[in-house]
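Here's a quick briefing on a two-chain model, meant to be read with the structure open beside you. Have a look first, then work through the notes below.

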Amino acid sequence: MSSTIDHDRIARELREFSDRVARGIAALASVGDVTIGGTPKDEVFALDKLRVYRYRPLDLLPGVRRVRVPVLICYALVNRPYMMDLQPDRSLIRRLLERGVDVYLIDWGYPDGADRYLEVSDYVLRYLPRCVEAVCAASNAEKINLLGVCQGGTLSLCYAALEPRRIRNLITMVAPVDFHTPENLLTKWSKHIDLEQFAAATGNVPGEMLNALFLALMPFRLMSQKYVDLMDHIEDLSALENFLRMEKWIFDSPDQPGEMFRQFMQWFVKENRLALGKLEIDGRPVDLRRITMPVLNVFASQDHLVPPSASRPLARLVGTRDYTEYEFRTGHIGIYVSGSAQREVPERIARWLRERDAPSRRRKR
Amino acid sequence: MDRDTDSGAWIADWIAEQRRILAEQSRAAEARQRDGARSFAAGAENEGSSRPADASAAPESDLFNVGSLLMSAWTSARLWQTHFADQFADLLRRIPPVGLVREHTEAWRELAEAHAECTRLEGKLREELTKVQLAALDLLEKRVRERPSEEPIDGFRKLYDLWVECGEQTYAGLAHSEAYSKLQAELGNASMRLKNRLQTVLEHALKHLDLPTRSELNTLHRQVRELRLQLEELTSAPRAKRPARKQARKTPKGRKR
């Protein structure tokens with residue numbers, strides 16, 4: 001064995017680490033509550049627990065032309081959508097606004113016991129169409145751009161296939177389409193789960209339970225190393241606040257409506273119906289070939305939750321002739337918040353939209 | 001690992017220490033599991049006889065265990081006693097319940113069985129995870145040995161990061177296997193079964209107190225949902241003829257429909 005030992009050095013290292021932990025505890029005690037998001041927005045639509053917000057326009061970057069067709073962001077149900085607007089310097093929404101994109105966002109809220117019988121059809125055929133109508137009305141547009149994120153991307157694909165007339169351009173971001181690729185660990189784990197019993201026992205599926213599952217994907221890194229690494233910059237207030245914001249987002253997980261969860265897991269994850277062309281919602285077949293509007297598929301090459309192999313098959317499933325793939329070298333979360341993603345991803349999305357922008361036809365009054 | 005040279009000794013010591021800790025934890029977990037299952041089963045049997053019992057009955061306290069361990073002279077007698085108690089509890093479980101409290105007893109027995117199954121699978125999963133940790137240490141040892149001399153591990157932090165890497169690598173091998181997926185699902189299913197059985201017992205008690213139960217609430221939620229959908233269907237037909245813009249305006253800002 002070739003390691004050289006320096007007892008003094010190791011003793012010093014341990015002493016320094018303990019000192020850092022002590023200082024870290026003091027720093028954590030003094031940091032207080034962290035603020036999330038903050039980009040000004042107004043509620044334009046409310047239905048049950050969901051809200052649709054419009055973000056107020058910001059000053060444009062020099063030389064930027066506005067995108068006329070608004071964008072509606074459809075986020076996943078699993079986490080809160082403020083990941084898209086975590087803080088001023090880590091905000092995909094803010095970067096889009098600076099590039100002239102008119103941004104709307106669906107906040108699904110926190111489902112409770114009264115929502116346990118909500119189904120996939122409620123989200124795809126009741127909620128999403130009304131959100132789209134609300135954005136059309138608020139922006140006086142005939143069609144809108146839909147940006148579906150993660151599970152929200154999968155739901156957006158279903159909606160776009162069933163109701164394509166309202167969508168001008170479709171963007172999917174780290175959205176799973178084919179759930180049966182070899183890298184998909186969550187699919188493997190769910191294979192033998194008795195979903196009927198699961199939904200009956202839990203009612204709504206607790207967010208904490210899903211979080212535990214996500215942590216179990218990489219337990220050494222996510223339950224240990226992450227916190228040891230924190231000690232490296234514990235005295236940097238800004239870095240500490242960033243960390244705490246991220247922690248809040250990760251563990252601020254709404255419960256999942258039980259029946260919606262059961263159907264999603266059974267139909268999409270276990271049976272892979274969407275990719276196999278066998279999905280029906282309320283008796284209506286979801287045929288992705290009906291997606292003929294331009295599609296931009298954004299995914300992260302190091303995503304351990306939605307591996308690229310789960311997103312890529314979209315290329316061969318949609319009916320559009322204008323399909324663009326954009327792979328970015330980061331992970332599932334990094335694509336919204338990492339420094340390089342902040343510089344590149346919103347710019348790419350805004351440019352792609354601008355190239356496919358059209359005069360917004362005024363709707364008949 | 002080369003322990004003769006001073007250079008690798010501290011890493012070898014650290015790995016040996018981790019192995020010792022894992023072995024100790026494993027033994028302690030097994031003991032907890034055994035005691036927990038036994039006291040739960042005893043609680044269930046008490047309940048079956050219409051005597052109040054604490055469903056979450058805790059195992060004997062550590063202090064008590066230490067005391068009984070110190071009484072080494074009694075160890076073999078105690079083991080025999082434990083074995084006899086287990087057998088007797090098992091015998092009781094096999095006798096079909098009869099009489100006025102038949103349904104109640106059966107519900108408690110099912111709960112006890114679900115708890116035992118859950119505990120058994122928890123132990124099995126813990127065993128697998130312990131194996132991962134041991135294999136991670138083996139891999140760490142190998143990686144340290146094969147490391148080029150110009151890249152020495154000269155601090156705990158480097159060793160820790162390498163351990164994490166080895167841990168994730170070993171765990172990924174297990175996590176992607178069919179056997180592990182099955183075991184994890186079995187445990188998930190067993191804990192849901194336990195939750196269901198617990199709910200049955202609790203609802204029985206709530207009914208006695210004339211308090212609402214989750215099942216009743218579910219019925220109401222389902223009915224409300226069906227009524228809402230019917231109402232939407234009835235009201236959406238004429239509204240669909242109006243221009244969409246007016247439709248959206250009908251939803252006042254910030255107000256629920």
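Start in chain A, where Cys74(A) has Ile106(A) of S4(A) as its bridge partner. That pairing belongs to strand S3 (residues 71-74) and strand S4 (residues 103-107) of chain A, which run parallel over four bridges. Keep in mind that this is a predicted model.

**The sheet in chain A**

- S3(A) and S4(A) sit in an open sheet of eight strands, ordered S1-S2-S4-S3-S5-S6-S9-S10, with mixed pairing.
- Which strands stand at the edges? They're strand S1 (41-47) and strand S10 (323-328) of chain A; each has a single partner strand, so one side of each goes without a neighbour in the sheet.
- From one strand to the next, the twist averages 20°.
- As a general point, side chains in a regular strand alternate between the two faces of the sheet.
- Helix H4 (residues 151-162) of chain A lies across S3, strand S5 (144-149) and strand S6 (167-173) of chain A, and runs at about 140° to S5(A).

- S1(A) pairs with strand S2 (residues 50-55) of chain A in the antiparallel sense, over six bridges.
- Within that pairing, Lys41(A) is opposite Tyr55(A) of S2(A).
- The two strands make a hairpin with two residues between them, and Asp48(A) in the turn has a positive phi of about 50°.
- What does the side chain of Asp48(A) meet in a salt bridge? It's Arg228(B), at 2.8 Å from N to O.
- This pair crosses between chains: Asp48(A) is in the loop between S1 and S2 of chain A, while Arg228(B) is in helix H7 of chain B.

**Where the chains meet**

- On the contact count, 58 residues of chain B touch 58 residues of chain A.
- The two chains bury about 5400 Å² between them, and carbon and sulfur atoms give 53% of that.
- Another salt bridge links Glu178(B) with Lys191(A), their closest N and O atoms being 3.2 Å apart.
- You'll also find 25 residue pairs in polar contact between chain B and chain A, both residues at pLDDT 80 or more.

**Chain B's side of the interface**

- The elements giving two or more residues here are helix H1 (6-48), helix H4 (102-146), helix H5 (156-175), helix H6 (178-208), helix H7 (214-240) and helix H8 (244-249) of chain B.
- Which of them gives the most? That's H6(B), with 12 residues.
- Sorted by class, the side of chain B that touches chain A has 20 nonpolar, 15 polar and 23 charged residues.

Note on methods:
Residues numbered from 1 in each chain as written. Chains lettered and ligands numbered in written order. Predicted model: local features only at pLDDT ≥ 70, side-chain atom pairs only at ≥ 80, totals over all residues. Heavy atoms only, no water. Contact = heavy atoms within 4.5 Å. Buried area = accessible area lost by both parts, 1.4 Å probe. Salt bridge = Lys/Arg side-chain N within 4 Å of Asp/Glu carboxyl O. Polar contact = N/O pair within 3.5 Å; in protein donor to acceptor, adjacent residues only side chain to side chain. Nonpolar A, V, L, I, M, F, W, Y, C, P; charged D, E, K, R; others polar. Pairing = 2+ DSSP bridges. Axes fitted to C-alpha atoms, helices over the stretch in contact; angles between N-to-C directions.
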